[in-house]
Structure formats: structure tokens, C-alpha cells
Amino acid sequence: DKNSSRSTSRTNNSSSDNSHNNISSQSPPPTPLPTMKLHSAPAERNKEFIWKILSTKVLPTILPEKGRQSLRLLEIGAGVGTHAAYFGTKLREQGQDFFYFPADMEESYRDSIRIYVEEANLSPKHVSPPFPLTLHKHGIVETDANDTVLPPDGSLDLILNFNMIHISPWEATEGLMIGASQKLRTGGMLYTYGPYKVGGTAAQSNLDFDASLRDRDARWGVRNLEDVIAEAESRGLKHVETIEMPANNLSVLFRKE
């Protein structure tokens, strides 16, 4: 998953209108651009592998504390909607009640999430409307006061964050850890996924990827796992486990103490 969690290839969900109206005082307002269902090849590749970790290592440690109550989870940087639809479907198949908050900065991704969720027949009782969420070094920019969708502090069982840490400034990782510490309940978990360096090095493909990222934006880059763990633990998020994944990626699990 070297090219980030989002792809620019698109599938048009409705036909565009290529006609040209004569301009006059009576002209109708311009037709909005059609909403697009976007495609992420990395998310399609990794969703089954991530679900295996969720279902075998994460959910069993959370659900016993919750019983049959609703599982509340937030995906930060939810991308085009692949994960929300797939994980929501899997939870429904298991008979687990849940409420999924998908958040992304990009409006086009939020539009795409809506389509994925609708096509998966996931109820508004189970998935919130996608909403913007911005991270900076002090945490989450949006507040409960100006974004009523944002879950309240201490209310979440699980936060997911996939393929973001390497394609964002370090301040976003600082904000992720602060936000997770605030939004997770005690015992709740943060699950991050993506490429990392360990001990300052990595597979050659990840080192090449790191160089290409830094060429695109000097603030980006494949992070040292130790630095990410240290940042998390400074915010009360204990490192639980690191799991090797396909394509030289890692799943990294944290628990709020």
C-alpha cells in the first residue's frame, strides 16, 4: 500500500450533462457536478487483512467489556469509504450492534463514503453522515460546539487510522494521539496501519517510498515506529502489539490506560 490509502481513479455514479445552455436572465442555475464513487486500490487490497486483525485481536478485547451494547468506532482519514462499508457489513453479519463515525478532510471522499455506505445498505442507525475532521499538533481542530457529529470525549471504543501518518506532517500524528486520548474511553483502542521504519531502517521499497514522499512534501515521510509509539504513550496510549502485514506494512495497536 505504497501510494496512500486513496486512489484518484473514479467511477461516475451518475451521468454528466454535457449540454450547453444559452446564457440569459432566465437561465437555470448550473447543474452541480455529479457525485462520484471513488476507488482505492490499496484499501481494497488491505481491507480483508485489516479485518482479520480487528476480528481476532481488537474486537475480542473490547467487546467483553461492552457485552451486547453498541460498539462505537471512529475512522480518521476514512478515505473513499471502502473500510466503512466493508467493516460495517462484517459487524452486521456478526450480529454486533455498532455505530461507525467516518471522518475525512476531503469533501469528495465524504461524498464517496455516502455512496459506499448506501450501496452496502448500512442504516443511519449504524453509520453517521461522514464529516470533516482536521488534526493539528494540539489535537482535533473541530469541536463539539461547531460540529455536532463529532463524538463526545470518552465515548469511543475504537479509533481507526490507516495510511495517514506517512502522508501528513508530524503535527497530524501528534494531533491523532491527543484526539485519541480524548475521545477513547478507558480501555478503548487505537489501530494504526501503514509503512514504518524500525530502528531507523526498513525494507528497500519503503525507503524508496520515503524518499519519494519527502520529494513531494518535506513534511511527509515514513515514520520511525519508535517515535510514533513514544508520542502515543506520552498521551496515555499504551503500545499493545505490532503485527507484520502484507506489502511491508505494520498494524500497530494501542490501548488507552
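**Salt bridges and helix faces**

Asp217 pairs with Arg219 in a salt bridge, with 3.1 Å between the closest N and O atoms. The model is a predicted one. It contains 10 salt bridges.

- Arg114 and Asp111 form a salt bridge, and their closest N and O atoms lie 2.9 Å apart.
- Both residues belong to helix H3, which spans residues 107-119. They sit three residues apart, about one turn of the helix.
- An α-helix has 3.6 residues a turn, so residues three or four places apart point the same way.
- Arg114 is partly exposed, at 38% relative accessibility. Asp111 is also partly exposed, at 24%.

**Glu231 and Arg235**
- Glu231 forms a salt bridge with Arg235. Here the closest N and O atoms are 3.9 Å apart, and the cut-off for a salt bridge is within 4 Å.
- Glu231 counts as buried because its relative accessibility is 13%. Arg235 has 37% and counts as partly exposed.
- Elsewhere, shared partners link salt bridges into one network made up of Lys197, Asp210 and Arg214.

**Helix H5**
- Helix H5 covers residues 204-216, 13 residues in total.
- From first C-alpha to last, H5 reaches 19 Å. That is close to the 18 Å expected at 1.5 Å a residue.
- The buried residues in H5 are Asn206, Phe209, Asp210 and Leu213.
- Viewed down the axis of H5, these buried residues fall within an arc of 105 degrees, so they line one face of the helix.

**Helix H6**
- Helix H6 runs over residues 225-233. Its buried residues are Leu225, Val228, Ile229, Glu231 and Ala232.
- They cover an arc of only 160 degrees around the axis, which puts them on the same side of H6.
- What do the buried residues of H6 pack against? Their partners are helix H4 (170-183), strand S9 (237-245) and strand S10 (249-256).
- Glu231 is one of the buried residues of H6, and it is also the salt-bridge partner of Arg235.

Note on methods: Residues numbered from 1 in each chain as written. Predicted model: local features only at pLDDT ≥ 70, side-chain atom pairs only at ≥ 80, totals over all residues. Heavy atoms only, no water. Buried < 20%, exposed > 50% of the residue type's maximum accessible area, 1.4 Å probe, protein only. Helix = DSSP H or I, 4+ residues; strand = E, 2+ residues; numbered from the N terminus. Arc of directions from axis to C-beta. Contact = heavy atoms within 4.5 Å. Salt bridge = Lys/Arg side-chain N within 4 Å of Asp/Glu carboxyl O. Expected span 1.5 Å × (residues − 1).
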